[in-house]
Amino acid sequence: MGDENEPGSDSHTHNSGEFRAPPLFIIKIMAYLYRTDDTREKVTPKGEKFSLDELYELLKCELIEVVRLTPSINMIIDEEGKFTKSEINGAATFVAHVVEAIQPDDFIVGDVIVCNTEEFE
């Protein structure tokens, strides 16, 4: 059997024993639509990123608001949801409270999209 550090081997360490990442290391976070009925659906943009029109269509709204959950993950919500919709999104509200993205007495209304910050324009 060949040396583990030979070209073509599965090892990701140099001869010195230091870790070396594989040549192509990409992590893709999926976007999900979380509905008020507690269902979840994976959604993908038509192009590289979601356009505003796509977000409006998915959320059935005319204005969006971005709620930052982490530096790299956002929750996209209906900006006017509290005025036009009556259903609280319990899962979205819970997540936003856990990461302290909204005030303790606030809540999220309507369907939401959770996605990587790089997935929308």
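Q: Where is Val43 placed in this structure?
A: Helices (H or I, at least four residues) and strands (E, at least two) are DSSP runs, numbered from the N terminus. Val43 lies in strand β2, residues 40-43. The model is a predicted one, in which local features need pLDDT of at least 70 and side-chain atom pairs count only at pLDDT 80 or more, while totals for chains, interfaces and linings use all residues. Residues are numbered from 1 along each chain as its sequence is written, and side-chain values use heavy atoms, with hydrogens and water left out.

Q: Is Val43 buried or exposed?
A: Buried means under 20% relative accessible area, exposed over 50%, and partly exposed in between (1.4 Å probe, protein chains only). Val43 has a relative accessible area of 7%, so this residue is buried. Lys42 is also found in strand β2, but Lys42 is partly exposed, with a relative accessible area of 46%. In a regular strand the side chains alternate between the two faces of the sheet.

Q: How many helices and strands does the chain hold, and what is their pattern?
A: The chain has 3 helices and 5 strands. Along the sequence they follow the pattern β-β-α-β-β-α-α-β. Of its 121 residues, 31% count as buried.

Q: How many bridges join β3 to β4?
A: Two strands pair if DSSP finds at least two bridges between them. Strand β3 (residues 64-70) and β4 run antiparallel and are joined by 6 bridges. One of the residues involved is Val67, whose bridge partner in β4 is Met75. A hairpin connects β3 to β4 through 2 residues.

Q: How many salt bridges are there, and which residues form them?
A: A salt bridge is a side-chain nitrogen of Lys or Arg within 4 Å of a carboxyl oxygen of Asp or Glu. The structure has 3 of them. Arg35 meets Glu41 at 2.3 Å, N to O. Arg35 is partly exposed at 24% relative accessibility, and Glu41 is partly exposed at 35%. In the salt bridge of Asp78 with Lys85, the closest N and O atoms are 2.4 Å apart. Asp78 counts as buried because its relative accessibility is 6%, whereas Lys85, at 25%, is partly exposed. Lys82 and Asp106 form a salt bridge at 2.3 Å, N to O.

Q: What does the pair Lys82 and Asp106 tie together?
A: Lys82 lies in helix α2 and Asp106 in the loop between α3 (90-98) and β5 (112-116), so the pair ties together parts that are 24 residues apart in sequence. Lys82 is partly exposed, with a relative accessible area of 44%; Asp106 is partly exposed as well, at 24%.

Q: Which residues form a negative surface patch?
A: Patches are made of residues with over 30% relative accessible area and no salt bridge; like charges are joined within 9 Å, and nonpolar side chains (Val, Leu, Ile, Met, Phe, Trp, Tyr) within 5 Å. Asp and Glu count as negative, and the charge of Glu is placed at CD. Here the negative patch consists of Glu62, Glu65, Glu79 and Glu80. Glu80 is found in the loop between β4 (73-78) and α2 (81-84). At 31% relative accessibility, Glu80 counts as partly exposed.

Note on methods. Areas by Shrake-Rupley, 256 points an atom, 1.4 Å probe, with all protein chains shown as cover.
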